[in-house]
Amino acid sequence: MLATRVGALELCSPLLTASGTFGHDGEATAFLEAGDLGALVLKTVTPRPRHGNRPPRLVETPAGLLNSIGLENRGVEVFLEQNLAALEALELPVVANAGGESVEEYRAMVRAFGPLDAFAAIELNLSCPNVQGGSLPFSSSPEAVTEVVSACRRLTDKPLWVKLSPNVTRISPLALAAEAAGADALTVCNTVLGLVVDWRRRRPALGAGFGGLSGPAVRPIAMRMVREVAQAVEIPVIASGGAACADDVLQFLVAGASAVQIGTAGFREPSCISRIAAELRRELAAEGLAAAELVGTLAWPDPA
Ligand SMILES: Cc1cc2nc3c(=O)[nH]c(=O)nc-3n(C[C@H](O)[C@H](O)[C@H](O)COP(=O)(O)O)c2cc1C
């Protein structure tokens, strides 16, 4: 009833973890019942270690989290040394997430992850600053998306998921560029740029200044972008942004997503994916539907 597919990848559930919110190694899957999580999406790894941004790195807002972790990680070599064996032992698809500051760094990540059987797919996090291209993220220009995705595509037959940023005026040209360059699926979307001010100190609340907003506040934005992207491309769309209950997930499926990543909701309730899976089974049974039947079924109102 929950089974879905993202391209060639068959998943027992449309519920996935969102990168950066469920750890590096799969240990947190102990919070979940077997069969509830479709795939474990790991935190972004970069070729070299990154210390991350100056603290504080997280601040709560009325309906979500603003974060500026800054892709803290120990670099791909240590990551594989410390986590590969545990990831290989997991009985569910694992998706590696790759970051970099140049096309060459993304290529290095795909060269490292591509040959490993532990990974069912590679998600490219294109929200990283493009140092070569003047520090704007790769995800902000179709040309940069084309360059990085086609360079990675040449290096692997593994499914490549391309994670787009919502911090653009129009997301469809970026989605089309990723599809034309060989992406197998698109994750829509990363966090929404925001700012919280500590007015007494006349300083940003986060050490790095701006941060990325996630959680319930961003859900309608992600929903709109999932719809726009699903209308524009033929490849599957994976939703990411504010999902916390079965109703949210069902909305994303109807809007055009084949699977839904759960991030911020898991910080408050680490077992929420199992709670949502149980809710989904109840809702779908009541309607006599399978999750996959709902994908992209949104009927759009006629113009007045
Ligand atoms: C604390 C935190 C860390 C994150 N780290 C990453 C990351 O390393 N790579 C990435 O692609 N996205 C990262 N994200 C973005 C999430 O994967 C997700 O796309 C976003 O939070 C929206 O989904 P949500 O509202 O369900 O959290 C992070 C989000 C949060 C809140």
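**Exercise 1. Work out how S5 and S6 are joined, and which way S5's side chains point.**

Step 1: S5 and S6 (residues 64-67) run antiparallel and share four bridges; strands here are DSSP E runs of at least two residues, numbered from the N terminus, and a pair needs at least two DSSP bridges. This is a predicted model, so local features need pLDDT of at least 70, side-chain atom pairs count only at pLDDT 80 or more, and totals for chains, interfaces and linings use all residues. Residues are numbered from 1 along each chain as its sequence is written, and side-chain values use heavy atoms, leaving out hydrogens and water.

Step 2: Two residues sit between the strands, giving a hairpin. Across it, Glu 60 faces Leu 65 of S6.

Step 3: Now walk along S5 (residues 58-61): Val 59 and Thr 61 point to one face and are buried (under 20% relative accessible area, 1.4 Å probe, protein chains only).

**Exercise 2. Find the closest residues around the ligand, then some of its contacts.**

Step 1: Of the 23 residues surrounding the ligand, the closest are Ser 19, Thr 44, Ser 240, Gly 242 and Thr 264; the cut-off is a heavy atom within 4 Å.

Step 2: Look for polar contacts, pairs of N or O atoms within 3.5 Å. Ser 19 puts a backbone N or O atom 2.7 Å from a ligand oxygen. With Ser 240, a polar side-chain atom lies 2.7 Å from an oxygen atom of the ligand.

Conventions
Buried means under 20% relative accessible area, exposed over 50%, partly exposed in between (1.4 Å probe, protein chains only). A polar contact is a pair of N or O atoms within 3.5 Å; within protein, one must be able to donate a hydrogen and the other to accept it, and residues adjacent in sequence count only if both atoms are side-chain atoms.
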